[in-house]
Every structure is written in C-alpha cells, then in structure tokens.
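Me: Could you walk me through this structure, starting with the overall layout and then moving on to the aromatic side chains?

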Amino acid sequence: MTTLSAETIPGYVAGTWKLDPTHSEITFSVRHLAISKVKGSFETFDVTVETGENPLDTKLTASIDVASVNTRQKDRDNHLRTGDFFAIDAHPTIEFASSAVRQDGDVLHIDGDLTMRGVTKPVTFSGEFGGIIVNGYGQTVAGASFSTKINRHDFGVSWNAAVEAGGLTLGDTVSISIDAQVALQA
C-alpha cells in the first residue's frame, strides 16, 4: 500500500468539502432476538471535511438528526425516538468530531469523539478512501466508506426486554456504516 500523500492521490486538493446527501448514507444494525439483525438508517445528516496539505491531517465533523431514524417500521422508529433509546427531546443530534486520521496498510482509521445522548466516547471508524474525481457537473468530489462498532450501553441506550424463549430482544453491539461523498467548496 502506498502511503497517502497529496502526491499519491490523483486530484488531491486541500480545502473544505461538504456532504453530497444524494450520494451518501449512514446505516446501522443491531442483533434482534438473537437470530437476526435489525437495520436502519438516518435520513438527515451533515458532514464537513477539512483537508490539509497532508491528507492524514484531515479533520471531519458530522451531525445526525436523530429524529430522521428510519428502520422501515413506524412504531419501532417512534420507540427509538423516546427516552428508551435516543431521547430526541433532550438530545436531538448525534455528533462526531475527528481527532486523527491514521493509515494501516490498505485501511484508513478515523479516530474521534462520538456524542450520543449527552455521552461522549472515543471511537475509531475504519475503512477506505475511494478517491477524487470531477463529476459530470464540473464539481470536484471525493468518496469514502467507513464503519465502526459501539456498545450501546456505553451511551446510555440500555432498554431491553426478555424473550419468552430465553435471551433478550436486542444485542449490545451496534454496527455503524458511513458511505459518503463530499464536494469541494469554491
């Protein structure tokens, strides 16, 4: 793997990049009834990327509108908005701010602080940088895919219910994936 640098990334430029929401998504999944996974997404979020002269000096911030949660089941989504889960009346957003970007072979790691329900914990997203191109509209865009796993209890999301056959309704580990495309601002 080539070490990321301004010279090794075709089209690299330092600057401010904003989210292209039509080509981006944030999804999550959690074990359900110990036999399957429930998946969902957040429909409204924002990402800002500040690239420096060195790509590993990149800073990233993200904000998710928690009310936009969508698991394709209205009653479950409404329950997720309550104090049992996200408590959106008191905590309407989930925030992330990077503290470092690291490269380990072919994998990039973005370290930072995730804040949910008023609790801030360090997390690391791992994944890949897709590259930079000029799209059909003449706009310089970049893409990347990253994921992480968190323990929901660490953020005060501890609701659960026993299942008649044994076990609990929800697992503790939540997988989060981000596929994002950002556009260079003029």
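Predicted model: local features only at pLDDT ≥ 70, side-chain atom pairs only at ≥ 80, totals over all residues.

Me: What radius of gyration does the chain have, and what would a compact globule have?

Reply: For 186 residues, a compact globule would come out near 16 Å. The value for the chain agrees with that, at 18 Å.

Me: How is the pair of Phe 28 and Phe 42 classed?

Reply: Three aromatic pairs are counted in total. In this one the ring centres are 5.4 Å apart, and an angle between 30 and 60 degrees is neither stacked nor edge-to-face. The planes of Phe 28 and Phe 42 meet at 40°, so the pair is tilted.

Me: Is Phe 42 buried or exposed?

Reply: The cut-off for buried is under 20% relative accessible area. Phe 42 has 7%, so this residue is buried.

Me: Which residues form the aromatic cluster?

Reply: Phe 42 also pairs with Phe 86, edge-to-face, at 5.8 Å centre to centre and 65° between the planes. That pair links strand β3 with the loop between α1 and β7, 44 residues apart. The one cluster is therefore made of Phe 28, Phe 42 and Phe 86.

Terms used: Residues numbered from 1 in each chain as written. Heavy atoms only, no water. Rg over C-alpha atoms; globule rule 2.2 N^0.38 Å. Phe/Tyr/Trp six-rings, centres within 6.5 Å; stacked < 30°, edge-to-face > 60°. Buried < 20%, exposed > 50% of the residue type's maximum accessible area, 1.4 Å probe, protein only. Helix = DSSP H or I, 4+ residues; strand = E, 2+ residues; numbered from the N terminus.
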